[in-house]
Amino acid sequence: MPADVFQLADELGPAKVIHVHEPRLGLRGVLVVDNVACGPSIGGLRMASDVSLEECARLARAMTLKNAAAGLAHGGGKSVLFGDPKMAREQKEQLMRGFAHALRNEADYIFGPDMGSDETCMAWIKDEIGRAVGLPREIGGIPLDEVGATGWGVAHAAEVAAPFAKLELRGARVAIQGFGAVGKHAARFLADKGALLVAASDTSCTLHDPAGLDIAALIALKDSGRGLAEHPRGRKLARDDVVGIECDVWIPAARPDVVREDNAGALKARLVVQGANIPFTAGAERMLHERRVLVVPDFIANAGGVICAAMEYHGASQSTAFQAIEENIRENTREVLARARREGILPRQAALELATERVKRAMGYRRHSLTSSAPGHI
Ligand code: NAD
């Protein structure tokens with residue numbers, strides 16, 4: 001009995017762990033389908049040399065909870081293809097196609113892009129087995145980073161959360177760490193709601209202007225491949241100074257663990273809306289909670305990307321997808337923050353409870369949740 005595999009098992013999953021090995025191609029991969037009670041799992045294909053089975057299972061679980069929290073009829077899964085993502089294109093295509101082909105009958109897993117894979121990879125997989133999201137526009141995809149699906153959701157989460165933090169979004173001062181696909185669109189959509197961007201950062205610097213930064217100019221600068229340090233206006237500070245900027249709303253949209261116990265005290269905002277994944281340590285979130293800084297957790301606030309992907313899979317247009325993101329994220333943010341306030345718990349705890357309850361309720365409707373639909377009803 002392979003006891004080590006079952007060490008990963010708990011009351012939610014994983015439902016299946018599949019190893020794929022094709023020595024002739026040098027193909028080695030793993031698929032973890034965590035839970036499919038809500039529907040077929042969606043989760044990224046990560047191409048990397050150093051992801052453990054345990055990490056893959058943790059990422060699959062994160063997708064189960066994120067998809068359930070977002071109210072999607074999809075479970076969570078994750079796949080890993082071992083190798084250097086920068087390998088020659090022909091070899092990468094061969095491995096991706098081989099991996100997808102080996103998993104062609106695993107209808108309960110829908111491939112999506114992740115680190116080391118992109119829309120071209122998803123197009124190969126779609127061509128191979130007909131099941132992938134995050135596709136190029138030419139074959140029915142919605143380019144979610146180009147249109148700002150996640151930033152759209154972050155802006156709506158901020159709008160719903162503002163009154164919980166006793167803030168008015170109109171006129172609120174916003175600081176954004178990371179001015180990439182998530183950050184720049186969040187800035188744009190928040191400005192449309194009357195907020196003022198007073199600081200933005202990237203790897204080159206923190207740009208600060210209490211009177212408000214020119215968002216269109218900053219987006220044009222970044223889209224031309226340059227850094228914020230090249231913007232002619234505003235005060236240039238060190239990259240990490242964005243943490244201590246005087247503002248009302250702070251949005252991490254860069255890297256994990258940027259706010260920790262050692263720098264959480266510097267944060268001056270009353271509301272944090274997490275665009276990045278796990279940007280704060282658990283200890284930092286507890287410290288901020290004690291200081292009454294409201295933190296909308298990542299898997300509630302940044303679910304716009306996965307909602308967009310699910311809508312794409314079901315053939316929706318970009319405008320329908322945006323409508324779904326707005327509705328889902330507004331409702332979930334409201335529900336999580338109301339529960340957190342009612343029960344006196346951290347919003348992250350409230351979000352985890354909400355997602356877990358949804359998965360368990362869905363499991364309760366099923367004879368078993370090993371497949372997302374009864375045989376013959378796929
Ligand atoms: P991106 O690469 O487009 O942008 C990241 C930006 O952050 C870049 O401008 C980069 O210069 C900047 N940056 C990197 N390190 C920094 C640092 N230490 N300090 C300040 N700025 C820094 O990436 P993205 O797609 O916008 O993703 C950002 C985060 O959001 C990641 O954690 C990602 O996992 C998460 N996320 C993204 C999406 C999505 O739809 N793209 C969805 C959910 C979560």
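Is alanine 355 buried or exposed, and what is its relative accessible area? Alanine 355 is buried, with a relative accessible area of 0%. Here, buried stands for under 20% relative accessible area, exposed for over 50%, and partly exposed for what lies in between, with a 1.4 Å probe and protein chains only. Alanine 355 belongs to helix α13, which spans residues 347-364. From alanine 355 to glycine 83 the C-alpha distance is 33 Å, and the two are 272 residues apart in sequence.

The structure is a predicted model, in which local features need pLDDT of at least 70 and side-chain atom pairs count only at pLDDT 80 or more, while totals for chains, interfaces and linings use all residues. Residues are numbered from 1 along each chain as its sequence is written, and side-chain values use heavy atoms, with hydrogens and water left out.

The overall form comes next. The protein has 13 helices and twelve strands; these are DSSP runs numbered from the N terminus, helices being H or I of at least four residues and strands E of at least two. Its radius of gyration is 21 Å, close to the 21 Å that the globule rule gives for 378 residues, so the protein is as compact as a globular protein of that length. That radius is taken over C-alpha atoms, and the rule is 2.2 Å times the number of residues to the power 0.38. Along the principal axes, the C-alpha atoms fill a box of roughly 60 × 50 × 40 Å. Of the 378 residues, 55% are buried.

Charged side chains provide a further guide. The structure holds 22 salt bridges, each being a side-chain nitrogen of Lys or Arg within 4 Å of a carboxyl oxygen of Asp or Glu. One of them joins glutamate 106 to lysine 16, with the closest N and O atoms 3.2 Å apart. This pair links distant parts of the chain, 90 residues apart: glutamate 106 is in the loop between α3 (89-102) and β5 (109-113), and lysine 16 is in strand β1 (residues 16-22). Glutamate 106 is buried at 19% relative accessible area, whereas lysine 16 is partly exposed at 30%.

Arginine 46 and aspartate 114 also meet in a salt bridge, at 2.5 Å from N to O. Arginine 46 lies in strand β3 (residues 41-48) and aspartate 114 in the loop between β5 and α4 (119-129), 68 residues apart. Arginine 46 is buried, with a relative accessible area of 12%.

A further salt bridge, at 2.8 Å from N to O, is formed by aspartate 202 and lysine 222. Aspartate 202 is in the loop between β7 (196-201) and β8 (206-208) and lysine 222 is in helix α8 (residues 215-223), so the pair ties together parts that are 20 residues apart in sequence. Aspartate 202 is buried at 9% relative accessible area, while lysine 222 is partly exposed at 23%. Elsewhere, Glu93, Arg97, Asp127 and Glu128 are linked in a network of salt bridges.

Two loops complete the tour. Arginine 239 is found in the loop between β9 (235-237) and β10 (249-252), and is partly exposed at 44% relative accessibility. Arginine 239 and glutamine 177 are 62 residues apart in sequence, with their C-alpha atoms 8.9 Å apart in space. Lysine 166 lies in the loop between α6 (149-161) and β6 (173-177), and is exposed, with a relative accessible area of 71%.
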